[in-house]
Amino acid sequence: MTVSRVLRNRGDVSEATRQKVLLAAKRMGYVPNKIAGALASQRVNLVAVIIPSMSNMVFPEVMTGISRVLETSPLQPVVGITDYQPEKEEKVLYEMLSWRPSGVIIAGLEHSDASRAMLKASGIPVVEIMDTDGTPIDAAVGISHRRAGREMGKSILRAGYRKIGFLGTRLGADHRARKRFEGFTEALAKGGVEIADTEFYTRGSALGKGREMTQQILARSPELDCLYYSNDIVGAGGLLWMMEQGYDIPGSIGLAGFNDVELLQGLPRKLATMDSCRSEIGRQAAEIILERVEAPDTPPRGKVELTPRINFGDTLRMG
């Protein structure tokens with residue numbers, strides 16, 4: 001009865017006892033059932049989709065892939081946003097699981113202990129998306145970001161660039177950007193090259209940031225002959241600024257980004273980039289959830305690793 005009162009936030013319970021109950025529940029991955037007794041199946045036809053951002057152009061394409069699969073089924077996706085914050089992911093996951101969805105699609109393989117406990121205890125299909133560099137809780141669909149970074153690094157070296165700068169997000173919260181950076185620097189090191197300079201930002205991912213960072217890194221290190229951006233949006237900002245300044249691209253300096261964002265295909269020059277398979281990731285993740293809901297005895301697929309492709313565009317010399 002005491003546990004029930006605490007979890008329903010009712011009754012006369014001391015604060016010390018309340019904290020003990022909440023801590024035990026968190027460790028167990030326990031989530032209260034807000035529809036208990038309402039449905040015989042104890043499930044609703046919702047798929048919880050938990051992603052870090054909708055302002056980032058990457059995730060709307062993932063959502064498109066998910067929606068196209070689920071639109072002909074009884075299942076409906078419902079979205080939660082974490083802003084790349086583990087504590088916010090815990091809160092979003094807790095609230096969504098309390099409604100007993102039929103499945104979870106969640107970005108990334110890195111989660112807090114509490115989030116992992118909730119996912120493991122949920123008893124429903126869980127698909128972690130975007131990344132395959134790690135061990136999934138249930139199933140995963142994505143690309144190897146370390147491999148993506150390595151492949152771009154090798155392509156840049158083959159093209160003859162040697163004084164290379166990296167520009168992008170600080171690598172703490174965005175695990176996938178960090179893994180690409182690790183793969184990129186690994187490839188450069190095997191070719192006898194080290195990153196010559198770096199420029200990081202902490203908020204936003206916009207054209208203006210790309211312009212600002214590019215100006216700063218080239219003012220500090222004018223000898224750089226190639227810039228690798230953590231994503232296409234900041235890369236596009238850098239490209240536009242450099243075109244205004246009259247830089248010889250890709251002759252004296254090359255540029256490359258990541259994601260192959262369709263919106264940027266209207267730029268005066270096509271930024272070299274790598275496709276991150278966003279729509280296909282969403283499609284396959286939704287197919288796994290649907291398959292497991294329709295046939296609960298279907299064994300987990302484990303990891304599904306897709307292969308991204310480099311698009312050299314107009315900003316890298318062909319190696």
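Visitor: How many bridges join strand 8 to strand 9, and do the two run parallel or antiparallel?

Guide: Strands of a sheet pair through backbone hydrogen bonds, in either a parallel or an antiparallel way. In this predicted model, strand 8 (residues 226-229) and strand 9 are joined by 3 bridges and run parallel. Within this pairing, tyrosine 228 has alanine 256 of strand 9 opposite.

Visitor: In what order do the strands of the open sheet lie?

Guide: The order is 7-6-8-9, with 4 strands and parallel pairing. Strand 7 (197-201) and strand 9 (254-256) are the edges, each pairing on one side only. From one strand to the next, the twist averages 15°.

Visitor: Which strands does helix 6 lie across, and which does helix 9 touch?

Guide: Helix 6 (residues 145-158) lies across strand 6 (164-169), strand 8 and strand 9, and runs at about 165° to strand 8. Helix 9 (residues 232-245) packs on the sheet as well, where it touches strand 7, strand 8 and strand 9. The direction of helix 9 makes about 150° with that of strand 8.

Visitor: What is found in the loop between helix 9 and strand 9?

Guide: Proline 250 lies there.

Visitor: Where does tyrosine 84 lie, and is its phi positive or negative?

Guide: Tyrosine 84 is in the loop between strand 2 (76-81) and helix 4. Its phi is near 60°, a positive value in a residue other than glycine.

Visitor: How many aromatic pairs does a search of the whole structure find?

Guide: The search finds 5. In one of them, the ring centres of phenylalanine 166 and phenylalanine 181 are 4.6 Å apart and the planes stand at 55°, so this pair is tilted. Phenylalanine 166 belongs to strand 6 and phenylalanine 181 to helix 7 (residues 175-190), so the pair ties together parts 15 residues apart in sequence.

Visitor: At what angle do the axes of helix 2 and helix 5 cross, and which residues meet?

Guide: The axes cross at roughly 65° and come within 7 Å. From helix 2, Lys26, Arg27 and Met28 meet Ala114, Ala117 and Ala121 of helix 5. Sorted by class, this contact has 4 nonpolar residues, no polar ones and 2 charged ones.

Visitor: Which residues line the second largest pocket, and how much space lies in it?

Guide: A probe the size of a water molecule, rolled over the atoms, shows where empty space is left. Here about 280 Å³ of space lies in the second largest pocket. The lining consists of Leu7, Leu22, Ala25, Lys26, Gly29, Tyr30, Glu90, Lys91, Tyr94, Glu95, Ala114 and Met118. At least two lining residues come from each of helix 2 (15-28), helix 4 (86-97) and helix 5 (113-121). Helix 4 gives the most, with 4 residues. By class, the lining has 7 nonpolar, 1 polar and 4 charged residues. Lys26 and Ala114 are among the lining residues, and both also take part in the contact of helix 2 with helix 5.

Visitor: How many cavities of 30 Å³ or more are there, and what lines the largest cavity?

Guide: The count is 1 cavity of 30 Å³ or more. The largest cavity has a volume of about 40 Å³. Asp232, Asp260, Val261, Leu264, Leu267, Arg269, Lys270 and Leu271 line the largest cavity. That lining divides into 4 nonpolar, no polar and 4 charged residues.

Conventions. Residues numbered from 1 in each chain as written. Predicted model: local features only at pLDDT ≥ 70, side-chain atom pairs only at ≥ 80, totals over all residues. Heavy atoms only, no water. Pairing = 2+ DSSP bridges. Axes fitted to C-alpha atoms, helices over the stretch in contact; angles between N-to-C directions. Contact = heavy atoms within 4.5 Å. 1 Å grid on protein atoms, 1.4 Å probe; cavity = no way out; pocket = protein on both sides within 12 Å on 5 of 7 lines; lining within 4 Å. Points joined across faces, edges and corners; volume = space filled by probe spheres on them. Nonpolar A, V, L, I, M, F, W, Y, C, P; charged D, E, K, R; others polar. Phe/Tyr/Trp six-rings, centres within 6.5 Å; stacked < 30°, edge-to-face > 60°.
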